[in-house]
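Visitor: I would like to learn how to read chain contacts and helix packing. Could you walk me through an example?

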Amino acid sequence: MKTGSFYLSTVGKIFQWARAQSLWYIPVSGGCCADEVMNSLGNTYDLERFGCIPQVDPRQADLLIVSGVISHKAAPHLKALYESMPTPKYVLAVGSCASCGGIFSSELSYAAVPGLDQIIPVDVYVPGCPPRPESIMNGLIALQDKISGNPRAHIEN
Amino acid sequence: MFKPTLECLNADVTTWEIGPYYSALPGPMKLKLRLDGEIIISGQVETGFLHRGLEKAFELNSWNSSIIYADHLDSEGAVFGELAVCLAAEEIAGISPPPRAQAIRLILSELTRISCHLNYAVKIGRAVGSETFTHYVLRDREKLLDLFELLTGARFSLSFLRFGGVKADVTEGFIERVIETCDLLRVRLKEYNDLLTFNQVFLKRTSGVGQISKEQVMRWGITGPNARASGVSFDIRKTHPYSEFEKVDFHVPVSNSKGTHGGDAHDRFLIRLLEIEQSLEMLKVFADKIPSGPFLETKSGSDFKVPRGEGWIRIESSRGFLGCYLMSDGGLSPSRVQFRTPTSSNLLVIPEVVVGLKIEDLPLVLASLDLNIAEADR
Amino acid sequence: MEILELISKINAAAPGAYLHKSRFGGSDQTSVWLDLRKIRDVALLLCNDPMIRLDWLENMSVAHVDDALVVTYFLRSWNDPRLNLSLRGSIVMDRKKEQDDRVELPSISDIWLTATPMELEASELFGIRFLGGSQSNSGSHSILPEGWSGFPLRKMRHSRGNKDV
Amino acid sequence: MNLESISTISWISLMQDQLGTSSWRIALFGLSLIYGLIILPTGAVMSYLERKLRADFHARIGPSRAGHAGIFQPLADTLKLLQKEKYSRSTWTEMLWIGFYTMAFYSIVAVMPLGSIALLVNTDMSAFLPFWAALVLAFGTMVFGLSQDSVPGWFGGVRVAAQALAGAFPAIVAILCVGLQAGGFSWSSMAAVQGASPFSWTVANPFELIAFFAFVGGGMILLGIPPLDTGLSMPDIHGGVISSLYGKRYSLFRFSRFYGFFLWSVIAVTMFLGAWILPFGLSEILRLQERFILLGSLELLWILLKTVLLMLVVSSVAQVVPRGRVDHVTDFSWKVLSPFSLLALIGYTVWIGLRTFL
């Protein structure tokens, strides 16, 4: 009992901290938000400050950053990509198109999936068309707060 | 250095299907390769993973929103899409934008060209694993994005052009910033050359790799820097001048490397750096001489209509010949918008250009073709 | 090459193909209206004749106007980039037929190789079956999701949102 | 400087005298001590320093949130990798490969030169043992890659093996050069011919300088240090064999990459850059005063410092040079490094001959 609570309190917190501080991501590009994801990696914004390194293989990634439109044709492949990541894994939907369809919502486009959450579970949505790198970083920090159980993550705006 | 030949390893022929999400690919697309050892003997492309129904979305929205959708044709160079749609609508409606608007459009278009080419350099740097170069270029690209932000308020989806002009006048201090940035970039270009362009390893990786001959350029309708790297001097800005490009004095860099290395990945990289230099020259001369006057013919409200008719517009985007076919039935929204994008012709050459490549060169060659899948799939 | 001379050549190579000529939109470009069933003969002439050599199909666009599909081929010559021409023609669709019924058009993608992706798109989005084309007849989708029926760019009830246009 | 004066005093016999336990227990204890207190922390620090250095090259900050200035970033990475859940059953080839790795790790640490006191085994062929380990590892990686049912695995494995073969030759010739000078291949004899001042290091000799570059270059190729890591190149084959590794195995792999690099650099420092000999004659003074523990720790720190510096210099090459292609890399090894290493060997032989007979 004692070890269990110790695990939950201290060791668990350390593990949560480690997960939050080392989000290796795999960017799935498409459309304009991909550029901003790339810029946020560049030295002006530098995502590596938060421990984020871009990965190319889904097996080594913890975070899937989906930016831009997902078409119905690509949706099963995206799901397969998500499923090939080992747990614990997180998803960041960057941009209006990935969040809810944006300007390619279901009334306006016959080919785009209206929102990433129709395919895979999403942890954090970043609004914007395209979002600035600052808001992508904000979304990332929100995700870190969510993982490490920071109460800030549960404040309703 | 020698031309990669189709060596026969007599190894087992393997099929390898990569994509749609794979780091070697420039975007969501599928590539079905047949490999003999490490050498590619054939490749087939499948696209359509980013088909968003863009052309249909134009037909479902008002004329004013079509500028916003035109932004999303090619996200890196949003201005080119906007410009194509605006020019086509203006041709149908017979509106001629005031000179000041034309000048602003030209400046914006050249800035976008520089920004797109810098993005291209980033992709090349990634493909050869030169991270330092990548970060330096990204830093300088921020300067251009700052300029866009100063002028239009947005970094990527600008939606700044209007039918018959531009949305707003140039911001205070914009011209000075443009000239400042041009001076800075000229210094940076030299840095890039020191760091990557004439680096021995980079030369070895790129020269003679992924060659496109003049015949291939003509056969597949490749345009823009890719064609000029192969020695085909074709530029819409010269043959069909738009937005007062005829009044600007500039020359189009064309690669003259002959023999075994013509039209290889290094030529394509170099021609883009030369084009950046050319655009800098153009901006430096032109930015000071913006004519005064109004920047918009008439403000178009939400009931803006274009009279019945059709138009076919060609412009030179950063990747080449961007065409826009626009048809209006006089209604509240366009009747048909169709784009001819440079990437869709660049994609056609892939099955030919990958033959004989080693798979290590595949990301480099695909990056050097400057493919934007969003633009090709629409 | 003068446009009249060109038309006489077309008439000689493909009798009955030429319908009339007009200006394209508000531009100074000439467009020649053709009977699209004979487009292959005209294409072979324009592409291969050493005097004409309009060997680059820079664009092929399809538009749905009233009850016809208007197909426009924008041609250009590599030798003289200022030389260009547009070929046009229309396919009338039978209104009584089902909306997902395909219409037919001879494929020219073996003459102008650049037409390949354009024909693929037109076949999926407009429902044109290209006769003799390499890839567009299989019926499987490469742009639209699997199991899709109907052609989204035709001006009919088309989309999943069931929006009338 | 004669050989007797700095002959090594094995710390095992030292401990055995004091504690009176059997030597294998002390050896085991010593190994775990070396792993837990030296190699793992050095790995963490090195990983942190390398990332910071890379960030500095890129004109950015680098990891800065995990702990003060991001110092705990490697710890966070490792802890995160350990938490990854298993989702596929492990195959026997994978287990075999992991076995290979573990075995190679633990066997080499015995010959790792970490100072005259901390020398566990000092045979006359110590310098060759790491070679065998590296080649066996490369071979194991190749088999592992070939057993993966994927194109990245195959080519990753084959490239690793091709590079290992190409890089081993110049490196082994470079070792011969040092052996010629030292008159043997034990670490102590290699250290014995060097002094504290850079001018008395092995590398001060022009032929040995060439051999040094051949050794470092050959090692980079053998081990696949960026920018010569074609077997693990990311854009085209998703990292080769590692494309099927995740979680704990990936952390093992990362550690092994560091370990190979570290070992190679320690050897390079021992052979060429003055080994563990302390500056200002401190080695002599402490040895005469018989303060062996202080001597051992100072030597350890000194050699670690030199090693880390060498590693940082080598890893900064990747920041300015693009990644090569595998045939360019092997070409470089066979056509540039190998001739130069042979030149160094012959030149040094002639040099010795002249010095002896004239």
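This is a predicted model: local features need pLDDT of at least 70, side-chain atom pairs count only at pLDDT 80 or more; totals for chains, interfaces and linings use all residues.

Visitor: Which chains share the most contacts?

Guide: Two residues are in contact if their C-beta atoms, placed from the backbone, lie within 7 Å. Of the 5 pairs of chains in contact, A and B share the most contacts. Their contact takes 28 residues from chain A and 27 residues from chain B. On the chain B side, the largest share, 4 residues, comes from α5(B).

Visitor: Where are the nearest C-alpha atoms of chains C and D?

Guide: They are 25 Å apart, and the two chains do not touch.

Visitor: How are two packed helices described?

Guide: By the angle between their axes and the distance between the axes. Helices here are DSSP runs (H or I, at least four residues), numbered from the N terminus. Axes are lines fitted to C-alpha atoms over the stretch in contact, and angles run from 0 to 180 degrees between N-to-C directions. In chain A, α2 (residues 33-41) and α5 (residues 133-147) pack at about 75°, with axes 9 Å apart. That makes α2(A) roughly perpendicular (65 to 115 degrees) to α5(A).

Visitor: Which residues meet there?

Guide: A:Glu36, A:Val37, A:Asn39 and A:Ser40 in α2(A) meet A:Pro133, A:Ile136 and A:Met137 in α5(A).

Notes: Residues are numbered from 1 along each chain as its sequence is written. Chains are lettered from A and ligands numbered from 1 in the order in which they are written. Helices (H or I, at least four residues) and strands (E, at least two) are DSSP runs, numbered from the N terminus. Angles under 35 degrees count as roughly parallel, over 145 as roughly antiparallel, 65 to 115 as roughly perpendicular and the rest as oblique.
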